[in-house]
Amino acid sequence: MPPSQGDSATLVRAGRTTRPAVRRRRGRGRLATIALFLAPALVLYLLLVVFPLFQVIRYSGYKWNGLGPLDDFVGLDNFKRALSDDVFRGALKHNAIIIGLSLVVQLPFALGVAMLVNSRLKGRALLRLLFFAPFVLSEVITAVVFNLMLQPDGVLGGLNVDWLGDTSLVLYTCFVVISWKYFGFHMIIYLAGLQQIPRELEEAALIDGARHWEVFRYITLPLLGPTIRISVFLSIIGALQVFDLVWVMTGGGPVNASNTMAIYVIDWGFKRFQFGYASAVAVIMLVISLVFALLYQRFVLRRDIEGALTTMGT
Amino acid sequence: MTLRRVPLYAFAWLVALAILVPLIYAVLGGFRDTGQIAQDPIGLPSPWVWSNYGDILKSGAFWHQLWNSVLIAALSTGLTVPFAAAAAYVFARFKFPGREWFYTLFTLGLLFPIAVAILPIFIMIRTLGLLGTPFGVALPEAAFGLPLTIVILRPFFASFPNELQDAAAIDGCGAFGFFWRILLPLSRPVLATVSMLALVTSWNMFLLPLIVLTDSGGWTLPLGVTNYSTQYGADTARILAFTTLSMIPALIFYAFAERHLVRGLTTGAVKG
């Protein structure tokens with residue numbers, strides 16, 4: 001981070017003034033300016049992001065329906081209940097499966113497509129535009145269209161497979177639809193990374209007799225390291241919070257076979273009005289996200305350049 | 001084209017087909033009727049049915065939801081971008097105690113989803129009397145949009161040379177003048193980028209409106225689409241028509257903003 005240069009203006013304007021009183025006044029004015037610029041964002045952020053986090057931790061200690069007084073303190077009971085609930089553990093497992101599949105299937109696929117689109121392929125601009133397009137469609141629209149296609153009498157239903165009704169299949173169906181929407185996003189990130197690699201490097205290796213997969217293994221992949229590490233991070237954070245798409249496609253069903261942590265929270269909070277219990281589950285989600293993010297930062301991203309968290313948009 | 005490249009082309013266009021099929025299915029399905037779709041899910045419309053699209057376009061609900069979506073996206077972008085720009089300016093060009101601490105506080109917002117905070121947000125919006133109002137959705141959206149916007153803007157604002165600011169100061173430009181008359185006009189491209197990211201995020205937001213917009217009059221398009229698909233559960237053609245119509249604004253937007261979105265999502269991820 002380059003040093004900040006805010007006070008140069010003040011310095012120049014202060015000119016030869018040396019009287020301490022004047023200096024202090026200017027210093028205070030500068031702080032007032034800073035406060036003025038920072039205040040709107042800070043107030044909004046503290047009120048609607050930071051404060052709710054403390055509140056959700058507070059709620060998690062109570063048995064509460066969200067309406068009456070908050071006075072039935074139950075300690076850690078909500079947490080014990082959640083951690084021993086098979087449905088919640090199932091939801092946790094489903095999030096883990098989506099994470100695993102994203103890393104093993106979706107990201108390598110996205111990388112492959114990125115390399116393809118990065119090569120001298122005719123029509124690659126059009127292909128790139130197409131692959132990234134689902135990113136702007138809402139998860140709701142994606143879910144509704146796929147839902148109809150996957151019905152037993154839909155386009156993909158003719159194969160005599162019950163994509164959304166079979167409890168051992170539904171989660172994987174959801175994963176494929178999630179990948180349909182998001183692989184283009186990761187492709188875009190990889191593409192930007194690939195374009196940073198000088199073409200001469202790969203060409204030189206090829207001239208020296210390296211095979212294509214060797215060039216990939218020993219040149220492309222290592223140089224793409226920082227990009228891959230970011231994309232893995234974004235993918236995991238995204239997979240921990242899966243909600244919209246699965247909620248619309250299956251509502252977490254059938255028989256909780258596609259339930260996720262976020263769905264579980266909304267289910268207990270806004271359908272069964274057990275706000276305290278739902279809050280405890282939200283806290284578990286928060287802890288998992290933060291612990292993962294901090295460990296990942298500490299052990300994986302540390303070697304990459306600072307400020308690499310820019311793309312957390314999804 | 002050498003023979004070796006044929007499989008690559010085949011693969012690329014197969015993926016393209018996988019992207020296109022659901023979209024084409026939705027558009028064409030809207031021109032059929034449910035009987036046709038049930039008989040043959042893949043076929044072309046025969047005859048072409050215009051009433052699905054026509055009825056929806058004539059009914060008030062679609063336009064109303066479109067308007068709500070536009071209003072909420074504009075409000076939340078209109079709040080988050082100016083607020084974040086002001087904060088990023090201070091983070092980029094002033095030195096003050098606790099600066100990095102505050103900055104880190106903002107970046108932490110990137111690490112957890114809105115679902116974690118949705119219960120207290122609901123309570124707060126209810127306490128503020130904003131349930132069912134556009135502001136009830138736009139304010140939390142703006143708050144959750146701040147981290148990404150600040151993280152993109154700060155390094156951009158920091159990259160302007162000191163000499164620029166010194167020259168401005170000599171010409172009598174104070175901290176506010178420099179921000180308003182020099183920094184912001186020079187940052188138009190990146191401001192456009194963060195605005196478009198904010199617009200897309202708001203436009204596609206589902207969970208927050210679902211919780212906050214209790215009254216169907218205030219619904220945004222994603223809520224409308226889900227509701228429509230339950231309400232007309234059996235009428236596939238109608239649902240497809242409605243879904244197609246609600247896709248169109250996003251796709252038009254994409255056609256114009258694609259480069260901005262790509263740039264916004266990839267700066268930083270690659271250059272660090």
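I began at A:Pro254, which sits in the loop of chain A between helix H11 (244-249) and helix H12 (261-271). Helices (H or I, at least four residues) and strands (E, at least two) are DSSP runs, numbered from the N terminus. A:Gly253 and A:Pro254 are joined by a cis peptide bond, with omega at about -10°.

I noted how to read the model. It is a predicted model, where local features need pLDDT of at least 70, side-chain atom pairs count only at pLDDT 80 or more, and totals for chains, interfaces and linings use all residues. Residues are numbered from 1 along each chain as its sequence is written, while chains are lettered from A and ligands numbered from 1 in the order in which they are written.

**Entry: a cis bond in chain B**

I turned to B:Pro47. The peptide bond from B:Ser46 to B:Pro47 is cis, and its omega is near -5°. B:Pro47 lies in the loop between helix H2 (34-39) and helix H3 (51-58) of chain B. Why did I note these bonds? Most peptide bonds are trans, and most residues other than glycine have a negative phi.

**Entry: positive phi in chain A**

I went back to the loop between H11 and H12 of chain A, where A:Asn256 also has its place. Phi of A:Asn256 is near 65°, a positive value in a residue other than glycine. Is A:Asn256 buried or exposed? I found A:Asn256 buried, because 20 other C-beta atoms lie within 10 Å. The cut-offs: 20 or more other C-beta atoms within 10 Å of a residue's own make it buried, 12 or fewer make it exposed, and in between it is partly exposed; C-beta atoms are placed from the backbone.

A:Phe273 came next. A:Phe273 is not a glycine, yet its phi is positive, about 50°. I located A:Phe273 in the loop between H12 and helix H13 (275-299) of chain A. A:Phe273 counts as partly exposed, because it has 13 C-beta neighbours inside 10 Å.

**Entry: A:Leu76**

I looked up A:Leu76 in the loop between helix H2 (20-59) and helix H3 (77-84) of chain A. A:Leu76 has 11 C-beta neighbours inside 10 Å, so it counts as exposed. From A:Leu76 to A:Tyr172 I read 96 residues in sequence and 34 Å in space, C-alpha to C-alpha.

**Entry: whole chains**

Chain A has 13 helices and 0 strands. Chain B has 13 helices and 0 strands. Of the 314 residues in chain A, 43% are buried. Of the 272 residues of chain B, 50% are buried.

I checked contacts, which pair residues whose C-beta atoms, placed from the backbone, lie within 7 Å. I took residues at least 6 apart in sequence. In chain A, 69% of such contacts join residues at least 24 apart. In chain B, 78% do.

The C-alpha trace of chain B spans about 75 × 65 × 35 Å along its principal axes. Chain B has a radius of gyration of 23 Å, whereas a compact globule of 272 residues would have one near 19 Å. This radius is taken over C-alpha atoms, and the globule rule is 2.2 Å times the number of residues to the power 0.38.

**Entry: where the chains touch**

Note on methods:
Contact = placed C-beta atoms within 7 Å.
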